[in-house]
Amino acid sequence: MRCGWSFALTLAACSHSSAPAPAPAPAPAPAPTPTLALALASAPTCPSLADRIVDLPTDSSGAPRTVVDGTFLFVDADHGPLFASEIDLTARALYALRNGRIAAHPLCPVTVFVFSSREDFKDHCGKRGLVPESGVNVAVYDPVHGEIVTDLSRGPNYAPSLVHEVAHRLMDADWSFAPPGSPPPRNAPLWFRECVGSLYEAPSFPAPGEIHGTDNWRTVELRTALRAHEPAAHLGALFGMTDAAFRGKIEGGGTDGAKTLLHRAMARATCQWLDASGELWPFYRGWRDGRDADPDGVATFTRVTGRAPGDPAAEEAWRRWVLRTR
């Protein structure tokens, strides 16, 4: 799928989440911000919500559905018990992510399939050719088909994986936004897209409009690598890392699964660390707006934090924060 304001990615760039995130604490779901989806009415390349409803697969055309924020068409694909709570969680996350964080650019409508059966989820993904890069994926963002697919068969602890994918949708539209007549902008590298998206695999909502990421299984893996003095586990390695290297691609073909899991843990920890010091979103906005002059983000990181990512002081501060006593 290609959108006038969004982005074009190959299927290989789909995000695959496998985070057993803790369930968020109950909190009132604020009303979502006014949607900008109606602005897409004049964009002929962007399917409407009506188009997405018409294009529903035959086996889910009669399933219960709800529209969130005028953009996300939620489909209760197999009548699961967590459908309503997933919608509430998404509404809270959208409200917070657009509250001074990710710019609320118009989005092409997205169909969100919520499955309570692992087999139904796998069957749907198989028909789309969605294969996880590592681990067992419980949520998939497919920009080619304009879909997010999530598996809640293992219970509510896995519900926030959908927030990971929603953050990708918002961020990719934000970084790919360009005023009419201007050249296409440079999208964020994969490590930073995963840095932001994976942060919300384990979200916390301390107040309406606020969202942060808490420690999860990726934190445990990274702490193990740091204690073992794994040479690849350091902050500066991320900056300038190619998408292929982040995925752990091996010369001659294949993927090093342990390496890509380590890279994803490092990326998530970097966003969580910056967020804890109030520097994530200044860094995000500064790099987004100056990415042509600063393609690897080093100059923006240095300006925002006062230290280059490869500076020994920055590396030590990052390491100490990851290994901090909880």
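Which residue's side chain does arginine 288 meet in a salt bridge? I looked it up, and the partner is aspartate 289, at 2.8 Å from N to O.

**Ground rules**

I am working from a predicted model, where local features need pLDDT of at least 70, side-chain atom pairs count only at pLDDT 80 or more, and totals for chains, interfaces and linings use all residues. I number residues from 1 along each chain as its sequence is written, and my side-chain values use heavy atoms, with hydrogens and water left out.

**Salt bridges**

I count a salt bridge when a side-chain nitrogen of Lys or Arg lies within 4 Å of a carboxyl oxygen of Asp or Glu. My search of the whole structure turned up 13 of them.

Back to my opening pair. Salt bridges with shared partners put Arg288 and Asp289 into one network with Asp174. I then checked accessibility, calling a residue buried under 20% relative accessible area, exposed over 50% and partly exposed in between (1.4 Å probe, protein chains only). Arginine 288 is buried at 13%, whereas aspartate 289 is exposed at 59%.

Next I turned to arginine 98, which forms a salt bridge with aspartate 69 at 2.1 Å, N to O. This pair links distant parts of the chain, 29 residues apart: arginine 98 sits in the loop between helix H2 (83-97) and strand S4 (110-115), and aspartate 69 in the loop between strand S2 (65-68) and strand S3 (72-76). My helices (H or I, at least four residues) and strands (E, at least two) are DSSP runs, numbered from the N terminus. Are these two partners buried or exposed? Arginine 98 is buried, with a relative accessible area of 13%, and aspartate 69 is buried at 8%.

I also noted glutamate 147 and arginine 128, whose closest N and O atoms are 2.6 Å apart in a salt bridge. Glutamate 147 is in strand S6 (residues 147-151) and arginine 128 in helix H3 (residues 118-128), 19 residues apart. Glutamate 147 is buried at 3%, while arginine 128 is partly exposed at 22%.

**Aromatic rings**

For ring pairs I took Phe, Tyr and Trp (its six-membered ring) with centres within 6.5 Å; planes under 30 degrees apart are stacked, over 60 edge-to-face and the rest tilted. I found 18 aromatic pairs in the whole structure.

Why is the pair of tryptophan 175 and tyrosine 284 edge-to-face? Their ring planes stand at 80 degrees, with the centres 5.8 Å apart, so the pair gets that label. Tryptophan 175 lies in helix H4 (residues 161-176) and tyrosine 284 in helix H9 (residues 280-289), so the pair ties together parts 109 residues apart in sequence. Tryptophan 175 is buried at 0%, and tyrosine 284 is buried at 0% too. Both belong to a cluster linked by ring pairs, whose members include Trp191, Phe192, Trp273 and Trp287.

I looked for charges over rings as well, asking for NZ of Lys or CZ of Arg within 6 Å of the ring centre and within 35 degrees of the ring normal. Arginine 92 lies over the face of phenylalanine 205, at 4.7 Å from the ring centre. Arginine 324 lies over the face of tryptophan 321, at 3.8 Å.

**Disulfides**

How many disulfides does the structure hold? I found 2, a disulfide being a pair of cysteine sulfur atoms within 2.5 Å.

Cysteine 46 is joined to cysteine 108, S to S 2.2 Å. Cysteine 46 is in the loop between strand S1 (15-17) and helix H1 (49-54), and cysteine 108 in the loop between H2 and S4, 62 residues apart. Both are buried.

Cysteine 195 is joined to cysteine 271, S to S 2.0 Å. This link is right-handed, with 120 degrees about the S-S bond. It connects helix H5 (residues 190-199) to helix H8 (residues 257-276), across 76 residues.

Leaving aside residues up to four places away in sequence, tryptophan 318 touches Leu222, Met266 and Trp273, among others (contact: heavy atoms within 4.5 Å).

I checked cysteine 125, which is buried at 3%.
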